[in-house]
Amino acid sequence: TPDSFLARWQVRTICRNVDGLVFITENEREHHRKLVSSIAGTVVYNPLLPRDVDIKPLELNQDTRLRIASLGNFSWYRGIDRLVDVALELLARNRRDFLFVVAGDMQLPSNARGRLAPFGRRGETLEEYTSANGVTEMFHFVGHTQNPEEVIAACDVVAALTREYNPWGRTIIEALGFGKPVISIGRWDGFVKHDATGFLYAEFDAATVAHDLIRLADNHDLGRQMGLSARARIERLCNPAERANDLLEVWQSAVLRRTNKKTQHKRKIG
C-alpha cells in the first residue's frame, strides 16, 4: 500500500481492532512500521508442501533451448513485457538458444503503456507484440493453465521481472521449491539471493538479465547448483510444520492478551 493519509488511517484502524498481526515477509512488516511507527507484528513465511518430483512437465516437443518460465496473466506491474526486451538483447548477441514459456492470459489492456499502447488499443495480445519485435520464435505461449506446476517443471529458470519490486510472491516460492533458479527485481533477498538461488537486481536492465541467462545456458552446473540451493532454502524457510507452529504461537499469544485484557477490565469495574 503506498504511503498516504488513507493508508495510514487503514493501518491505524487495523491495529486498534486486532490482537495480533502476521506478515508474510519482513518487507511488509517494515513497510507497515513506516506507516505507523509503533506497529508490532510477527513474520511467518508462507508454507510450501514438498514438491512432487513426479509431476509431468508440460510437453515442449523436446525443445533443447534454455527454458525460462513466466506465470501469471498479463499485467504491466508484473513486467511480463520485459521478457521481449531480454529476448531482443539475446538476439543482438546472436543467441537464439532460449525459449520463453509464458503461461496466462496475455490480452493487453486497452490502456496499455509505452510501446504496448498501440497493441492494446487494437485489442491485441503480447504474442502479437513479440511478432512485431521479431522474437516470436523465442516464445511459447501456453495461455491459461490450471496446472502451473507443469510449466515450472518443464523449465530451467523462472522469471518474475516485476515493476513492483516484490520478489517474494507465491510463484517465486513455488519455483524455488521446485529447485528452479528465479530471476527477479527488488532488494529483499530472503528468498531470491543473487548468484545463489537465482539472480536478483535492484533495477531492471535487459542487458544484465540476458548476460546472466547466457551464463546459465553455457554452464548447466551453475543452474543445477542454484536449483539445489533454492530448494534447500525454501524447505527451511517455508517448512509447513514449523510455520504452522509459528502461527499457533501467534494465536496463543493473541488469546492470552485478550484474556488478560478481560481480566483487567473486570478488576476495574469490580
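For the element names I took helices (H or I, at least four residues) and strands (E, at least two) as DSSP runs, numbered from the N terminus. I am working with a predicted model, in which local features need pLDDT of at least 70, side-chain atom pairs count only at pLDDT 80 or more, and totals for chains, interfaces and linings use all residues. Residues are numbered from 1 along each chain as its sequence is written, and side-chain values use heavy atoms, with hydrogens and water left out.

**Entry 1. Overview**

I counted secondary structure and got 10 helices and eight strands. The C-alpha trace spans about 80 × 40 × 30 Å along its principal axes. For burial I used relative accessible area: buried is under 20%, exposed is over 50%, and partly exposed is in between (1.4 Å probe, protein chains only). By that rule 42% of the 270 residues are buried. I took a contact as heavy atoms within 4.5 Å. Of the contacts with a separation of 6 or more, 65% are between residues 24 or more positions apart.

**Entry 2. Salt bridges**

I noted that side chains of opposite charge can pair when their charged atoms come close. My rule for a salt bridge was a side-chain nitrogen of Lys or Arg within 4 Å of a carboxyl oxygen of Asp or Glu. The count comes to 16 salt bridges.

I looked up Arg33 and found a salt bridge with Glu30, with the closest N and O atoms 3.0 Å apart. Both residues sit in helix α2 (residues 26-35), three residues apart, so about one helical turn separates them. An α-helix has 3.6 residues a turn, so residues three or four places apart point the same way. Arg33 is partly exposed at 31% relative accessible area, and Glu30 is partly exposed at 37%.

In helix α8 (residues 206-218), Asp212 and Arg215 are also three residues apart, about one helical turn. Their side chains form a salt bridge of 3.2 Å, N to O. How accessible is Asp212? Its relative accessible area is 5%, so Asp212 is buried. Arg215 is partly exposed at 28%.

A further pair, Asp221 and Arg224, meets in a salt bridge of 2.3 Å, N to O. These two lie three residues apart in helix α9, about one helical turn. Arg224 is exposed, with a relative accessible area of 52%. Elsewhere, salt bridges that share partners join Arg95, Asp97 and Asp218 into one network.

**Entry 3. Helix α9**

I checked the length of α9 (residues 220-237). The expected span of a helix is 1.5 Å times one less than its number of residues. For the 18 residues of α9 that should give 26 Å, and the end C-alpha atoms are 26 Å apart, so the two agree.

Which residues of α9 are buried? I listed Leu222, Gly223, Met226, Gly227, Ala230, Arg233, Ile234 and Leu237. Seen down the axis of α9, they fall within an arc of 135°, so they line one face of the helix. The arc is that of the directions from the helix axis to the C-beta atoms. On the other side, His220, Arg224 and Leu228 are exposed.

**Entry 4. Helix α7**

Six of the eight residues of α7 are buried, so this helix is largely enclosed by the rest of the structure. The buried ones are Ile172, Ile173, Glu174, Ala175, Leu176 and Gly177. What covers them includes α6 (148-154), β6 (157-160), β7 (182-185) and α9.

I then looked at how α7 (residues 170-177) packs on α9: the angle is about 115° and the axes are 7 Å apart. Axes are lines fitted to C-alpha atoms, for helices over the stretch in contact, and angles run from 0 to 180 degrees between N-to-C directions. Ile173, Leu176 and Gly177 in α7 meet Ala230, Arg231 and Ile234 in α9. Just after α7, Gly179 takes a positive phi of about 80°.

**Entry 5. Thr25**

Where is Thr25? I found Thr25 in the loop between β1 (22-23) and α2. Thr25 is buried, with a relative accessible area of 1%. Leaving out residues up to four places away in sequence, Thr25 touches Val43, Tyr45, Trp168, Trp188 and Phe191.
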